[in-house]
Amino acid sequence: MKDILSHYSIHSNTLALLPSNHKDYDTIVKEPERDIHVKQKPLELIKQACLERFATYDGVKEAVQHNTGFKRKVPIPINPHLNLYFFPTHATNHFDCCWISYYHVLRIESHRTNQSSSTILFKSGERLNLDVSPYVLKKQMERTLECMDGHSIPLSFKNELYV
């Protein structure tokens, strides 16, 4: 039996938030070497993380839009001081929307058998296959980096975007 949490707080070990169509939980949270099943939807976890840092999701999203000009699939700086920047893979109201932590991505590769899918290689060595093109994911990485440009980011936090 899987442990299912009713509450989860995004933190520095959170790699990704994946939507689930399971009757008992709504999100699979990926952390290094483990998956956590949570009864909250991925966007709810993102909104909650913003509130835990004394901001609203809508306010953070509006600030990013204002400073970058992005209108859709806006990256969210949950906590810039801890390098918690997450980007969506789809429109945020789309069921398949995953949220990926920029900091943990080492590189994005084309899926071996399906060029319209991608494999994310995390710095921890784990891999995540997604039905999203490498172009879209790399674009989201670039947009997140642009969002980060307003903050001082050490070079060690930069990623290998193109492989």
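## Strands and their pairing

Two strands count as paired if DSSP finds at least two bridges between them. In this predicted model, strands S2 and S7 are joined by two bridges and pair in the antiparallel sense. In general, the strands of a sheet pair through backbone hydrogen bonds, in either a parallel or an antiparallel way.

S2 and S7 belong to an open sheet of seven strands with mixed pairing, in the order S1-S4-S3-S2-S7-S6-S5. Strand S1 (4-5) and strand S5 (76-79) are at the edges; each has a single partner strand, so one side of each has no neighbour in the sheet.

## Strand S2 and its two neighbours

Strand S2 covers residues 16-19, and it pairs with strand S3 (residues 27-31) in the antiparallel sense over four bridges. Pro19 has Thr27 of S3 as its bridge partner, while Ala16 stands opposite Lys30 in S3. Towards S7, the bridge partner of Ala16 is Ile100.

In a regular strand, side chains alternate between the two faces of the sheet.

## The S5-S6 hairpin

S5 and S6 pair in the antiparallel sense, with three bridges between them. Asn79 has Leu84 in S6 as its bridge partner. Four residues lie between the strands of this hairpin, and Asn83 takes a positive phi near 60°.

## Helices across the sheet

Helix H1 (residues 42-52) lies across S2, S3, strand S4 (34-38), S5, strand S6 (84-88) and strand S7 (99-101). The angle between H1 and S2 is about 145°. The buried residues of H1 are Pro42, Leu45, Ile46, Gln48, Ala49 and Cys50. Phe54 follows H1 and has a positive phi, near 65°.

Helix H3 (residues 134-148) lies across S5 and S6, and runs at about 145° to S6.

## The nonpolar core

How many residues does the largest nonpolar core have? It has 42 residues, and those with the most contacts inside it are Ile10, Ile46, Ile76, Ile100 and Ile120. Of these, Ile46 is also one of the buried residues of H1.

Ile100 is the S7 residue that bridges to Ala16. Beyond its neighbours within four places in sequence, Ile100 is in contact with residues including Leu15, Ala16, Tyr85, Phe86, Phe87, Val105, Ile120 and Leu130.

Ile120 is found in strand S9 (residues 118-122). Why is Ile120 classed as buried? Its relative accessible area is 0%, and buried means under 20%. Not counting residues up to four places away in sequence, Ile120 touches Ile100, Val105, Arg107, Ile108, Glu126, Arg127, Leu128, Leu130 and Leu137. The C-alpha atoms of Ile120 and Leu106 are 7.7 Å apart, although the two residues are separated by 14 residues along the chain.

## Aromatic rings and charges

How many aromatic pairs does a search of the whole structure find? The search finds zero.

Lys123 lies over the face of Tyr103, 4.4 Å from the ring centre. The charged end of Arg143 sits over the ring of Phe70, at 4.1 Å from its centre.

Conventions
Residues numbered from 1 in each chain as written. Predicted model: local features only at pLDDT ≥ 70, side-chain atom pairs only at ≥ 80, totals over all residues. Heavy atoms only, no water. Core = buried A, V, L, I, M, F, W, Y, C linked by side-chain atoms within 4.5 Å. Buried < 20%, exposed > 50% of the residue type's maximum accessible area, 1.4 Å probe, protein only. Contact = heavy atoms within 4.5 Å. Phe/Tyr/Trp six-rings, centres within 6.5 Å; stacked < 30°, edge-to-face > 60°. Lys NZ or Arg CZ within 6 Å of the ring centre and 35° of its normal. Axes fitted to C-alpha atoms, helices over the stretch in contact; angles between N-to-C directions.
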